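Got your viewer open and your selection tool ready? Let's take a walk through this one, stop by stop.

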Amino acid sequence: MNTNLKIGLEIHRQINTHKLFCNCPSELIDKEPDFQIKRYLRAVESEIGEKDIVAQFEVTKGKHAIYQGYKDKTCLLETDEEPPHSINPSALKAILEVALLLNCKVQRNIQVMRKQVLDLSNTSGFQRTALVATDGFVEVNGKKIGINTICLEEDAARKISEGKDFVIFRLDRLGIPLIEITTKPDIKNAEEAKEVAAYLGMLIKSTGKFKSGLGTIRQDVNLSINNNPRIELKGVQDLDTMNKVINIEVKRQLDLLKESKKIVPEVRKVNQDLTTSFLRPMPGAARMYVETDHPEIEISDRMLKSIKLPKLITEKAIDLEKEFKLSAQLAKEILDVENKFRDYVKKYKNLETEFIARTLIEIPKEIKTRLKFDISKLKDKNFEFVFENINNKTIPKSAAIEILSEICEDKTINLEKYKTLSEVEVERIIKEIVNKNKEAPFNALMGIAMGRLKGKADGSKVAELIKKNLN
Ligand SMILES: [Zn+2]
């Protein structure tokens, strides 16, 4: 069935610098707070006598907020008792870099705005946001996807817990600078949405100026089918499930239409089982007003020219692939530990670069998936121990996975067990195996020999000696 699906993405990512309008650190704090403050939200009529639909909805929930703060890690700005300081220039630079990478038109006069936020996640009732760039594009798999806007925003306070009539927020997250990228609704299906999100994630990461890890990336999906009203899906955390979430939501909307029910514009949250449920009404359009406490920011030619664009991760991976003769996949993954990898290549001259890369990336994966061991126990010094001993030919390459698995199991490593046998000794054992199994084909002999010599001789040497002794 043709659903004329239109999807737009909204991607948020924390910038790796101090807070946007004060000098407090951008870090989440787990220790007990130094103080708590309690606030209530009331809906008041505007000058023309209307109450905001979102405000009314939130107020009917009848909750008050408790904000937790720290004497040395949060300040009067987070508690909304002080106007914003000057915008953090590092955050602004990070955003400009992404804007240029996404072929956007940069605003030359940036105005900080207040965006109404009424779920109590902000002490002031609004989030400061600045439109930095518009009208760009990104090419994913040969298709152009429009970039609508790029904004620099403050993150909201962190929800800690919730009771019947209260919500507890921590102020540590409030004010952490965020990039918000919104695409045009050019995406036509769930799979494409996932690809575009992954590409944007890669592009942002390429600058090296953003945080990574749980909670630092948040994605919302806007979608409509057959020109029905737009639905916003909030908090699509995981790229791997994004396409499933979209497909389930499309089916829900199609089912509604089949029953001749109306699709109402609303914000829905993504549940654990990847279905969605109603979160709040779609906010009205007029919920932005000027932040009068911050002056306009001028972006000069000099500032724009001073921005050096980074090489994209995808381009860097291709370079590594060529330089070290790695597979495309291995090259991409080794990028995360590129400096370490290069150090090891320099230090362990007898080892093939591909072996070093495989040991760093694929062996831990194999230990995790096949043996189900906890690979977080593997530290640099463990890899160095293995490389060192293989490099000076004390143990064979095949011992790498054995030793690293034993480390994950907290076993004491007995190097004697793995010591490389001399070629004479290996050949003696192989002759014995060949003589005992006269009719056995090569593969069977190889199996028997490796079972006996595992970790003590290299597979290629064993194969060579079997072939030699078969004749
Ligand atoms: Zn502060």
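Before the first stop, one term: two residues are in contact when they have heavy atoms within 4.5 Å of each other. Keep in mind, too, that you're looking at a predicted model.

**Stop 1: a helix on the inside.** Select residues 399–408, which make up helix H11. Because 9 of its 10 residues are buried, H11 is largely enclosed by the rest of the structure. Among the buried ones are Ile401, Ile403, Leu404 and Ile407, and also Glu406. What do the buried residues of H11 pack against? Colour helix H9 (353–369) and helix H10 (380–391) and you'll have both partners on screen.

**Stop 2: the nonpolar core.** Next, pick Leu9, Leu102, Ile150 and Ile246. In the largest nonpolar core, which has 100 residues, these four touch the most other members. At least three residues of this core come from domain 1 (6–305), and at least three from domain 2 (313–418). Another core, of 14 residues, lies apart from it; Val426, Ile429, Leu453 and Leu465 are among its members. Now zoom in on Ile150: leaving aside neighbours within four places in sequence, its contacts include Ile95, Val98, Leu102, Val132 and Ile181.

Stop 3: Finally, compare two of them: Cys75 is partly exposed at 23% relative accessible area, whereas Glu78 is buried at 3%.

How values were computed:
Residues are numbered from 1 along each chain as its sequence is written. This is a predicted model: local features need pLDDT of at least 70, side-chain atom pairs count only at pLDDT 80 or more; totals for chains, interfaces and linings use all residues. Side-chain values use heavy atoms; hydrogens and water are left out. Buried means under 20% relative accessible area, exposed over 50%, partly exposed in between (1.4 Å probe, protein chains only). Helices (H or I, at least four residues) and strands (E, at least two) are DSSP runs, numbered from the N terminus. A nonpolar core is a set of buried Ala, Val, Leu, Ile, Met, Phe, Trp, Tyr and Cys residues joined through side-chain atoms within 4.5 Å. Domain bounds come from an automatic or database domain assignment.
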